[in-house]
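Please consult the sequence and the structure while reading each answer.

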Amino acid sequence: MICTSADLQDGGDGVRFVVARPAGEVAAFVVRFDGRVYAYLNRCAHVPIELDWVPGRFFDESRRYLICATHGAMYLPDTGRCVAGPCRNGRLEVLPVVERDGGVFLVG
């Protein structure tokens, strides 16, 4: 389990976690947007650095976009597509998650 469902408020702070990859562990995060949970690798599509400058703060002030705190790239929370900034039309890497029984789980 990544976190409990109650840990994620719509447009609120995300929960950081790690995923195992052949080259080692990689930072990731999960957020809630419009009532659904979405997870991505915590890596900007412009330059592979983590998005959040304060741990768990992935949304911009409007709570409508995920934002890279370093370069200002803005991503749609439901698709990970970059809509503004230096990586326009780039994408965050999606991680499949499911919400069930009061928890959020990585699939696969």
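Q: Is strand 4 largely enclosed by the rest of the structure or largely exposed, and how many of its six residues are buried?
A: This is a predicted model, in which local features need pLDDT of at least 70 and side-chain atom pairs count only at pLDDT 80 or more, while totals for chains, interfaces and linings use all residues. Residues are numbered from 1 along each chain as its sequence is written, and side-chain values use heavy atoms, with hydrogens and water left out. Strands are DSSP runs (E, at least two residues) numbered from the N terminus, and buried means under 20% relative accessible area, with a 1.4 Å probe and protein chains only. Strand 4 is largely enclosed by the rest of the structure, because the number of its six residues that are buried is five.

Q: Over how many bridges do strand 3 and strand 4 pair?
A: Two strands pair if DSSP finds at least two bridges between them. Strand 3 and strand 4 form a hairpin with two residues between them, and Asp34 in the turn has a positive phi of about 50°. The two strands pair in the antiparallel sense, and the number of bridges is six.

Q: Which residue of strand 8 is the bridge partner of Ala39?
A: Strand 4 also pairs with strand 8 (residues 94-95), in the antiparallel sense and over two bridges. In strand 8, the bridge partner of Ala39 is Leu95.

Q: With which side chain does the side chain of Arg32 make a polar contact?
A: Arg32 lies in strand 3, counts as buried at 11% relative accessibility, and has Val37 as its bridge partner in strand 4. A polar contact is a pair of N or O atoms within 3.5 Å; within protein, one must be able to donate a hydrogen and the other to accept it, and residues adjacent in sequence count only if both atoms are side-chain atoms. The side chain of Arg32 reaches the backbone oxygen of Leu8 at 2.9 Å. Its polar contact with another side chain, at 2.6 Å, is with Glu99.

Q: Is the pair formed by the rings of Phe29 and Phe58 stacked or tilted?
A: Rings of Phe, Tyr and Trp (its six-membered ring) pair if their centres lie within 6.5 Å; planes under 30 degrees apart count as stacked, over 60 as edge-to-face and the rest as tilted. A search of the whole structure finds three aromatic pairs. The rings of Phe29 and Tyr40 have centres 5.9 Å apart and planes at 45°, so that pair is tilted. The rings of Phe29 and Phe58 have centres 3.8 Å apart and planes at 10°, so this pair is stacked.

Q: Over the ring of which residue does the charged end of Arg100 sit?
A: A charge sits over a ring if NZ of Lys or CZ of Arg is within 6 Å of the ring centre and within 35 degrees of the ring normal. The charged end of Arg100 is 4.5 Å from the centre of the ring concerned, which belongs to Phe105.

Definitions and conventions:
Helix = DSSP H or I, 4+ residues; strand = E, 2+ residues; numbered from the N terminus. Buried < 20%, exposed > 50% of the residue type's maximum accessible area, 1.4 Å probe, protein only.
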